[in-house]
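Subject: Structure handover

Hello,

Here is the structure for you to look over. My notes follow it.

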Amino acid sequence: MDNVKITICYFDYNYFNVNLISLLCTNKTLRLMIPAKGYAAPKAAIPLEPFKFERREAGPHDVQVEILYCGVCHSDIHQARDEWGGAMFPMVPGHEIVGKVVKVGDHVTKFKVGDIAGVGVFVDSCRHCPSCLAGEEQYCDESPTFTYSTYDKDGNVTYGGYSNQIVVDENYTLHVSEKLPLAGVAPLLCAGITTWSPIQHWKMGKGHKVGVVGLGGLGHMAVKFAVSKGAEVTVLSTSPNKKADAEKLGAHHFLVTREKEQMNAAERSLDFIINTVSAQHQYNDYLPLLKISGTMVLVGIPPEEPSLGAVNLISKRRSIAGSMIGGIKETQEMLDYCAEHNIVSEVEVIPMNYINEAFERVIKGDVRYRFVIDMATL
Ligand SMILES: [Zn+2]
Ligand SMILES: [Zn+2]
C-alpha cells in the first residue's frame with residue numbers, strides 16, 4: 001500500500017478563553033506496520049532473547065524480504081554491548097542478510113517476488129551528497145541509515161537481520177545468485193565487501209604481494225579475494241595453528257607474527273597489507289613488512305588508537321589508509337564476481353537460540369570463520 005503522508009497537529013486549548021495557546025505541527029510519514037519477530041538485546045550487554053516488533057509495510061519502492069540466513073558479525077557484539085556508544089535498545093542486530101523477496105511495492109522495477117536478495121550494513125542514505133552520487137553511499141556525508149540501531153527516514157527505529165523479515169528500499173537491496181550456497185553468501189554482505197572494496201580500490205592483484213593480518217571473518221575473505229585476483233598472499237597470524245587453514249584458503253605463505261625471526265626475514269617484502277584486526281595491536285609491528293611505497297589498509301577498529309611511528313612511513317614512503325564496507329554498486333559487483341568464481345564465506349550454521357553462545361565464541365576467536373543463523377530455526 002502507498003505510504004500516507006499525514007500532518008499531525010496537537011491543539012492545546014484554554015477552554016474558558018477559547019484561545020489557542022499552542023499549536024505544534026510535525027510532519028511524519030505514517031505507514032501501515034506489519035508484525036515481525038526476532039531476537040533482541042533488551043539492554044546493553046544483556047543476553048539476546050525472543051522479541052516481537054513491527055516493521056513498516058512495503059512502500060512503493062520497497063521490497064519485503066523473508067530472511068533465510070543472517071551472519072554474525074563482530075560489530076553486532078560491539079553494538080549489542082554498546083561498546084561504541086549510542087546504541088539503541090531493544091536492539092535486533094544483524095547486517096549480513098540473505099533471503100527471499102515475498103512482496104514488492106508498486107514502483108519496484110529491480111526485484112520480483114521469489115528473487116533471492118541480500119541486505120548489508122546500511123539500508124538508505126541521503127542520496128544527494130557527493131559520496132551518494134558517486135555510488136559510495138557508505139561514506140554518505142549525512143551518514144548512511146544503518147540496518148539496525150538507528151532511525152530511518154520515517155523516524156522508525158531500524159531492526160536488523162536476526163529476524164524473520166526486513167523491508168528495504170529496492171535501491172539498497174542486492175541481487176544474490178541462487179547458484180551459491182546461501183548460508184555462505186550472507187557474510188559477503190559485510191565481511192566480504194569490507195575486504196573486497198580495498199582490493200578493488202588499490203587494484204591489488206597479479207604481480208602484487210599482499211599480506212593479510214588476522215585470519216578471522218574478514219581476513220579469510222581477504223585471502224580468498226586476493227588469491228582469486230592473482231596476488232601472492234601471505235597470512236600474518238598470532239596462531240600458528242591457522243597455517244593449514246590459510247593454505248586451504250589459497251594463501252601462499254604464512255607468518256607467525258610472534259616469531260621475530262620470521263617477521264624480520266619478511267621485511268620490505270609486501271606491496272600491500274590488509275589489516276583486519278580489531279583487537280589491540282601495534283601498526284608499527286607490520287609497517288616494516290611493506291616495500292617502498294607500500295600501503296597498509298585498515299579495515300578493523302581497535303578499541304584504543306595504536307601508536308604509529310613516522311619513521312616507518314617516511315623511511316620507505318609508505319602509506320597507511322582505511323576503508324569501510326562498500327557502496328551498493330560495488331557490493332553488487334562483488335556478489336556477481338562471487339557467483340561467477342564460486343566464492344563464499346566459510347561458515348558454521350547455527351540455530352537462532354544459540355546466538356548468545358555464538359557471541360562468546362566469536363569473542364574468543366573460536367569460529368571458522370563466520371557463524372550464520374538459519375532463520376528457519378527462529
Ligand atoms: Zn559487519
Ligand atoms: Zn549521502
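In which loop does Pro90 lie? Pro90 sits in the loop between α1 (74-80) and β6 (97-104). Helices (H or I, at least four residues) and strands (E, at least two) are DSSP runs, numbered from the N terminus.

First, the ground rules. This is a predicted model: local features need pLDDT of at least 70, side-chain atom pairs count only at pLDDT 80 or more, and totals for chains, interfaces and linings use all residues. Residues are numbered from 1 along each chain as its sequence is written, while chains are lettered from A and ligands numbered from 1 in the order in which they are written.

Confidence
The average pLDDT of the protein chain is 92, and 92% of the residues score at least 70. pLDDT is the predictor's confidence in each residue, from 0 to 100. Residues 1-27 stay under 50. Where pLDDT is low, the predicted coordinates should not be read in detail.

Backbone geometry
Most residues other than glycine have a negative phi, and most peptide bonds are trans. Here are the exceptions. Phe89 and Pro90 are joined by a cis peptide bond, with omega about -5 degrees. The bond from Arg368 to Tyr369 is also cis, with omega near -5 degrees. Tyr369 is in the loop between α10 (355-363) and β19 (370-374).

Ser143 has a positive phi, near 70 degrees. Ser143 lies in the loop between α2 (130-133) and β9. Ser143 is partly exposed, because 13 other C-beta atoms lie within 10 Å. The cut-offs: buried means 20 or more other C-beta atoms within 10 Å of the residue's own, exposed means 12 or fewer, and partly exposed is in between, with C-beta atoms placed from the backbone.

Asn342 also has a positive phi, near 60 degrees. Asn342 is in the loop between α9 (328-341) and β18 (347-351). Asn342 has 10 other C-beta atoms within 10 Å, so it is exposed.

Domains and core
The chain divides into domain 1 (33-189 + 346-377) and domain 2 (192-322). Those bounds come from an automatic or database domain assignment. The domain centres, taken over C-alpha atoms, are 28 Å apart. Eleven residues from domain 1 and seven residues from domain 2 make the contact. Two residues are in contact if their C-beta atoms, placed from the backbone, lie within 7 Å.

The largest nonpolar core has 97 residues, and Val212 and Ala226 have the most contacts inside it. A nonpolar core is a set of buried Ala, Val, Leu, Ile, Met, Phe, Trp, Tyr and Cys residues joined through C-beta atoms within 7 Å.

Helix α5
Helix α5 covers residues 217-228. Its twelve residues should span 16 Å at 1.5 Å a residue, and the end C-alpha atoms are 17 Å apart, which agrees. The expected span is 1.5 Å times one less than the number of residues. Ten of the twelve residues in α5 are buried, among them Leu218, Phe225 and Ala226. Beyond its neighbours within four places in sequence, Ala226 is in contact with Ile199, Met204, Val210, Val212, Ala231 and Val233. Just after α5, Gly230 has a positive phi of about 95 degrees.

One more residue
Is Thr158 buried or exposed? Thr158 is buried, because 22 other C-beta atoms lie within 10 Å. Thr158 is in the loop between β9 (145-146) and β10 (165-169).

Best wishes
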